[in-house]
Amino acid sequence: MKKILKKVVVLLFVLVIIGVYYYVTLPAINIHSAGFWGACMVIILFVTALCVLGQMRKHAVANVVQPGAKPKVWKEFKSVKIGAGLFLVTLAIFCIGKILSSPIVNAGKYQKLMNVVEGNFTDDIEQTNYNTIPLLDKDSAELLGNRKMGSMVDMVSQFEVGSDYTQINYQDMPVRVTPLVYASEIKWLTNQKNGIPAYIRIDMATQNTECVKLEQPIKYSKSELFNRNIYRHLRFHYPTYIFDDQIFFEINDEGTPFWVCPVKKFNIGLFGGRTVGNVVLCNAVTGECTDYAVEDVPNWIDKVYSAELLTELYNYYGIYKHGFFNSILGQKDCLKATNGYNYIALDDDVWVYTGVTSVSGDQSNVGFVLMNQRTMETKYYKVEGAIEDSAMSSAEGQVQNLGYQATFPLLLNISDEPTYFMALKDGAGLVKKYAMVNVQKYQWVAIGDTVKECEKAYTVLLATNGIAESGDGSMYETITGKIKAAAPVVLEGTTHYYVALENSDAVFDVNMSDKNLISIIRYQPGDTIQFSYAAEEDGLHTVVEIK
């Protein structure tokens with residue numbers, strides 16, 4: 001009876017340890033999960049170690065009865081042999097599965113994971129509406145979010161802003177959303193009963209930042225410590241699902257917060273060819289979970305495929321066209337995505353944009369791709385031009401005296417010309433100017449203090465180079481007259497010349513950061529000059545060209 005009781009106690013101890021390990025590490029009970037095989041090996045080693053300790057205890061007792069007796073581990077400890085055998089078999093299955101799932105033996109299958117169709121730039125990407133493009137990157141959004149949180153005196157001592165900042169389309173506007181998180185474990189202890197009361201929403205076009213307070217708080221999040229932790233909540237509901245490393249915080253059209261949780265699907269062997277098979281949608285307030293096939297997710301959801309996964313799948317498509325060894329040796333027709341990406345809103349979906357370049361590492365793009373984050377639809381556009389890094393350097397060169405840094409560009413359609421658009425930020429991360437760079441002629445750069453001013457300067461630049469017309473008189477007007485007065489004014493670190501003409505009551509604004517306008521310093525009162533300008537309602541007209 002004593003022996004049976006001891007065995008029961010030992011078994012319960014083992015089960016408790018395994019339960020704690022499972023609760024902490026949360027491996028999926030699925031042969032396609034590397035964590036599952038890792039857990040199996042840990043359990044085998046643990047159980048084997050317990051058996052060895054038991055055997056050693058027996059030998060210790062035997063040594064008391066018969067002094068001088070030595071344990072013969074490899075001959076007498078059968079548990080060691082069995083444990084070692086099981087461990088090696090498990091390790092062998094894992095290693096062989098990794099090899100057989102790799103691109104080395106499956107390059108053709110990897111290349112076919114993503115279906116890419118060729119698109120027409122001017123047909124697919126409409127002329128830009130600046131109310132619907134994100135003017136800020138994630139880093140700038142974080143600055144705005146932290147600044148907003150600092151003004152919320154009733155919450156700032158208890159909560160911080162989460163790092164998610166998911167970019168979505170909300171009511172046809174590009175926004176980033178992120179939940180608040182508990183400021184520390186102590187703050188979790190004092191606030192977890194009531195949950196997280198709000199999330200941050202940032203309009204990426206207007207920079208308007210809101211702390212949206214909820215009628216019912218968020219109870220399921222990444223910052224929870226126990227059962228309400230979103231990862232643990234998902235695991236207990238779906239023990240066999242292999243959730244993607246990234247789950248996304250989103251809001252629906254009514255502003256209700258959700259977690260969008262993609263489930264990995266392995267299409268090649270045990271561990272290869274990762275895509276998304278289905279999506280679990282978890283209400284962040286109630287914890288209610290709904291499982292959708294990937295093709296059936298609601299239209300308001302914008303992120304199913306992460307930008308990193310889409311880029312990885314496109315690289316498989318571009319690199320393995322002629323097999324694995326060609327991708328290393330000859331590299332014939334091998335293409336890859338450039339070293340960055342951005343987001344574009346099209347047809348109420350969020351698309352990932354990235355350039356396509358040769359694997360040889362030259363400084364030019366052969367085209368670019370747009371990849372839908374909800375459906376994985378991918379379009380390739382053959383537009384040769386500068387790589388994004390070159391365009392960013394070109395824009396920074398225009399303001400090198402100010403030391404501004406360019407963000408990774410967006411791709412826009414300006415006068416049917418593929419155009420890089422980027423913000424220029426100072427050392428504190430604040431957006432100071434905007435730049436437009438022609439994709440095919442990256443030395444053509446226009447700078448402006450505002451997006452509107454930047455576009456005007458860029459359109460004139462295109463017209464000057466015979467690419468597009470500057471307008472038929474409706475966009476820009478022309479005036480000739482004698483200078484009555486001219487005075488320099490410094491606005492946010494940039495010098496502007498305000499010019500008054502004798503035959504006009506208006507004032508004309510000449511931005512000195514535009515090299516095409518710097519000739520204004522040669523003119524004196526009484527000189528005759530001709531401006532091309534954009535008329536403004538307040539009477540301060542923006543000069544876009546000096547004739």
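Biologist: What percentage of the residues in the protein chain is buried?
Modeller: This is a predicted model, where local features need pLDDT of at least 70, side-chain atom pairs count only at pLDDT 80 or more, and totals for chains, interfaces and linings use all residues. Numbering runs from 1 along each chain as its sequence is written, and side-chain values use heavy atoms, leaving out hydrogens and water. Buried means under 20% relative accessible area, exposed over 50%, and partly exposed in between (1.4 Å probe, protein chains only). Of the 547 residues in the protein chain, the buried share is 50%.

Biologist: What radius of gyration does the protein chain have?
Modeller: The radius is taken over C-alpha atoms, and the globule rule is 2.2 Å times the number of residues to the power 0.38. For 547 residues, a compact globule would come out near 24 Å. The C-alpha atoms fill a box of roughly 120 × 60 × 45 Å along the principal axes. The protein chain itself has a radius of gyration of 31 Å.

Biologist: How many helices and strands does the protein chain have?
Modeller: Both are DSSP runs numbered from the N terminus: helices are H or I with at least four residues, strands E with at least two. On that basis the protein chain has 13 helices and 26 strands.

Biologist: Which residues have the most contacts inside the largest nonpolar core?
Modeller: A nonpolar core is a set of buried Ala, Val, Leu, Ile, Met, Phe, Trp, Tyr and Cys residues joined through side-chain atoms within 4.5 Å. The largest one has 43 residues. Helix 13 (residues 451-464) gives the most to this core, with six residues. The residues with the most contacts inside it are Phe368, Leu370, Phe421 and Met422.

Biologist: Which residues are in a second, separate core?
Modeller: In soluble globular proteins, nonpolar side chains tend to be buried together. The second core here has 41 residues. Among them are Leu136, Met149, Ile168 and Tyr170.

Biologist: Which residues is leucine 370 in contact with?
Modeller: Contact means heavy atoms within 4.5 Å. Neighbours within four places in sequence are left aside. The partners of leucine 370 are then Ile125, Ile344, Leu346, Trp351, Val352, Tyr353, Glu377, Thr378, Lys379 and Tyr381.

Biologist: Why does valine 116 count as buried?
Modeller: Valine 116 is found in strand 1 (residues 116-118). Not counting residues up to four places away in sequence, valine 116 touches Tyr314, Tyr317, Thr378 and Tyr380. Tyrosine 314 is 198 residues away in sequence, yet the two C-alpha atoms are 8.4 Å apart. Valine 116 counts as buried because its relative accessible area is 14%.

Biologist: Is aspartate 172 buried or exposed?
Modeller: Aspartate 172 lies in the loop between strand 3 (166-170) and strand 4 (173-182). Its phi is near 65 degrees, a positive value in a residue other than glycine. At 57% relative accessibility, aspartate 172 is exposed.

Biologist: What is the relative accessible area of glutamine 207?
Modeller: Glutamine 207 sits in the loop between strand 5 (196-203) and strand 6 (209-218). Phi of glutamine 207 is also positive, near 70 degrees. Glutamine 207 is partly exposed, with a relative accessible area of 32%.

Biologist: What distance separates the C-alpha atoms of glutamate 455 and phenylalanine 421?
Modeller: Glutamate 455 is in helix 13. Glutamate 455 is partly exposed, at 25% relative accessible area. Glutamate 455 and phenylalanine 421 are 34 residues apart along the chain, and their C-alpha atoms are separated by 9.6 Å.
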